[in-house]
Every structure is written in structure tokens, then in C-alpha cells.
Amino acid sequence: MELARRRREIVPAQSTSRLPFPQRLMKSHTTYLTFTTEKRQEIIDVTEHVEACRAAAGIREGFVLVSAMHISASVFVNDHEPGLWKDILDWLETRIAPWSPDDYRHNSGTGEDNAAAHLRSLTIGHEVIVPVTDGRLDFGPWQRVFYGEWDGQRAKRVILKAMGI
């Protein structure tokens, strides 16, 4: 009974924003992308999808979360330059997590051979948050958003969630 009374007394907090709008409603939009790559490992530029999600939400200030919904894939921000992509793939293969199934306990007795993909995802990360300022994705020079597939050739999803005002 006391708890119910307290709930009725809760009032929304006042905005501390310095923007000229006294009261705003939070807007959001969610998009799911599905990738089935031709190769086991690929890097795909998803920046245009991120912008489309932002535009669908109609936000001018806020952020877009981009997150791989699988444990053997990544999302990251970097330069759109194929030589760099090759360097990233070579770095992962030769220095971080070589594709050598017999060397990983995860692959022993599980029927799996993708332990390296899990380690690559852990190294690169599975999500990024892109700021939105004045109605635009707020990147530094040359920055783009990429989906990194480390164990592909099957359907995997990425969630894009734009939130803001």
C-alpha cells in the first residue's frame, strides 16, 4: 500500500539541457541487419545503414548504438581503406588468434572449430556508440562503422538503435 502511494508521487525530473527547447520527447528507432557473408571472414562498411537508422528516428542530438548480435562477429570504427582491412585480417590471423582449430580448448569435443573467431570478436569488440550532433553522425576524419565477420557464411544479425531528440 505504501509502495503504491509512493509511485503516484513520482514526478519527472526537469531537463538540465542547455538547448533552447524546454521539453522534448525522446525518439528512438531500431533496425536489424542480417549478413550472410560469402567468405568466412569479411569486413563490411555499415555506415550508410547507421545514418538511415538515425534518419528514421528523426533525431538531431543523441546516439546510435551498433552491436553485433553474435559472439563471433565485431563492430568497430576505422578508416574505409581496403589495404587497412587486409592489414586487420592479417594481424588477427598472424598475431592475435590464428585459425588453428587444434590449438584451442573451445574446439575440443564441442564439434566447433571457431575458437579463433570468438577471440577475434573479444579483441575487436562487439559494439560501438556513434554520437549524433546537429542531425549528423559525429565522426572524426575518415571514420566509418564496420561489421567484422570472423566466422561467416551463415546468417548473423546486427542491431542499430538510434535514441535522442
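In the predicted model, helix α2 is followed by Gly58, a residue with a positive phi near 70 degrees. The helix itself spans residues 47–57, and its buried residues are Thr47, Val50, Cys53, Arg54 and Ala57. These residues lie on the same side of α2, because they cover an arc of only 120 degrees around the axis. An α-helix has 3.6 residues a turn, so residues three or four places apart point the same way.

An open sheet is formed by three strands in the order β2-β7-β4, and the pairing is antiparallel. Seven bridges join β4 to β7 (residues 143–149) in the antiparallel sense, and Ala73 stands opposite Glu149 in β7. Helix α3 (residues 82–96) lies across β2, β4 and β7 and runs at about 140 degrees to β4.

The largest nonpolar core comprises 21 residues, of which Val50, Val66 and Val145 have the most contacts inside it. Elements giving two or more residues to this core include α2, β4 and β7, together with β1 (27–35), β3 (62–68), β5 (127–133) and β8 (156–164). Apart from this core lies another, of eight residues, among them Ile43, Phe76, Trp85 and Leu92. Not counting residues up to four places away in sequence, Val66 touches several residues, including Val50, Val75, Val145 and Leu160. In soluble globular proteins, nonpolar side chains tend to be buried together.

Conventions
Residues numbered from 1 in each chain as written. Predicted model: local features only at pLDDT ≥ 70, side-chain atom pairs only at ≥ 80, totals over all residues. Heavy atoms only, no water. Buried < 20%, exposed > 50% of the residue type's maximum accessible area, 1.4 Å probe, protein only. Helix = DSSP H or I, 4+ residues; strand = E, 2+ residues; numbered from the N terminus. Arc of directions from axis to C-beta. Pairing = 2+ DSSP bridges. Contact = heavy atoms within 4.5 Å. Axes fitted to C-alpha atoms, helices over the stretch in contact; angles between N-to-C directions. Core = buried A, V, L, I, M, F, W, Y, C linked by side-chain atoms within 4.5 Å.
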